[in-house]
Amino acid sequence: MNADELTIPIWQEGPAVSPEFRRLHYELKLDLRGVYDDNIGLSSFDKISDYYFRIDPAIMIAFGDIISQDANFLRLEYDPDIVLFLDQSNFNTFQNVIHFDGRVAFRRLTLTFSEVAQLLNGSDVNQAGSGGTFVNAVNLDVRGQPRVNMFNTQLNAAYQPTGKTSLSLGLQSSIADYDSSSLVSTQTISGNVYANYTYSEKLTIGLGGAVGREFVDQPTPNQTFEQGNVRIAYEITGKLLANVSAGVEFRQFDSGRGGYISPVFQGTLGYTPFDGTDFSLIGSRSTTGSASLAGQDFTSTQLVASVRQRFFDRFFVSVTGGYQNLQYIDAIGVIVATREDDYYFIQPAIDVRIMRFWYAGGYYLRRQNNSSASFFGFMENQSGLRTTLTF
């Protein structure tokens with residue numbers, strides 16, 4: 001699992017017919033930002049500051065029920081990303097993010113799929129939401145300006161023989177292909193199966209597990225892992241919804257190194273106490289091969305919280321913050337893995353809805369990584385103005 005992305009699977013079958021079925025949807029979006037950054041290379045030394053402009057157009061085309069996603073739909077979204085620096089033109093970049101997903105519902109069987117392709121050319125893919133939220137996507141393992149193509153593919157099937165029980169199956173492929181001989185690329189293929197029971201309208205419990213194989217460039221060995229997990233979807237109140245998956249992972253290495261046992265989890269919590277107030281919490285813990293340190297894996301534990309408040313129907317004030325810990329382990333059996341990172345970020349923002357389709361605002365971002373390997377540590381401050389048009 002990518003540490004920056006959490007996917008909560010659909011466990012239950014919704015209605016097979018949607019009022020939006022066979023309806024064509026489209027959306028055009030343009031996000032423009034002017035930013036001052038005091039450490040554009042995320043470097044621990046020789047920090048370079050500069051102003052840059054970021055141009056993020058997006059186009060989405062969909063067919064079917066994308067509003068509730070309770071019935072059939074097909075959606076394609078393309079998000080190119082252009083970054084232009086005022087002085088350091090060698091940092092200029094053009095990169096692409098493509099999303100493709102869909103759902104097909106039968107009487108008792110529901111099939112879903114998704115594909116996310118990120119063709120990154122050295123910059124984060126942080127995107128600002130219209131209400132001021134912020135998605136953090138820094139690559140802590142590599143840091144700096146890595147060029148990497150990432151592909152995440154998921155196929156899921158849910159079969160509901162009765163009104164209270166269901167069986168879900170899933171297949172996933174994750175690829176991180178780095179364009180550098182000094183960085184280690186990985187490919188992970190996994191499958192999972194869960195038996196789910198709907199205890200009430202507000203509570204669904206699932207028991208199951210996953211098994212997978214991770215193929216890693218040498219000298220890091222290939223690896224096999226198994227997981228046993230419990231999943232809970234709980235609508236505590238009409239305003240509070242939690243989705244949590246937690247368990248234990250057992251990992252074996254082709255190098256002959258002894259096995260590694262670690263807790264794993266992923267989850268989301270959404271809370272809307274009042275109209276115009278939103279709070280969210282996202283967490284995850286997973287293990288994968290390191291791209292920067294050959295022969296080593298790392299376990300990533302991450303928490304991201306965000307709160308947003310609307311004032312006078314037009315103004316949005318938000319604060320997003322997060323913490324991530326990277327703990328490195330030996331994957332060969334002869335390396336002393338000592339690197340550990342502690343990363344923090346916080347970003348307050350304010351936005352105003354000028355018109356129904358037009359938002360504008362500003363933000364400040366502070367990011368800091370404290371690493372036992374000083375080369376990977378950094379401290380960065382950003383401040384910027386942005387405007388978003390949506391049609």
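Analyst: The protein chain exposes about 18,800 Å², an accessible area from the Shrake-Rupley method with a 1.4 Å probe, where for residues only the protein chains shown count as cover. Carbon and sulfur atoms supply 63% of that area. This is a predicted model: local features need pLDDT of at least 70, side-chain atom pairs count only at pLDDT 80 or more, and totals for chains, interfaces and linings use all residues. Residues are numbered from 1 along each chain as its sequence is written, and side-chain values use heavy atoms, with hydrogens and water left out.

Next, the charges. The chain has 29 positive and 40 negative charges, and their mean positions are 8 Å apart. Lys and Arg count as positive, Asp and Glu as negative; His and the chain ends are not counted. Each charge is placed at NZ of Lys, CZ of Arg, CG of Asp or CD of Glu.

Now the fold. The protein chain has 18 strands and zero helices. These are DSSP runs, numbered from the N terminus: strands (E) of at least two residues, helices (H or I) of at least four. The C-alpha atoms fill a box of roughly 65 × 60 × 35 Å along the principal axes.

Finally, confidence. Mean pLDDT, the predictor's confidence in each residue from 0 to 100, is 89 for the protein chain. A value of 70 or more is reached by 91% of the residues. Residues 1-22 stay under 50.

Note on methods:
Contact = heavy atoms within 4.5 Å.
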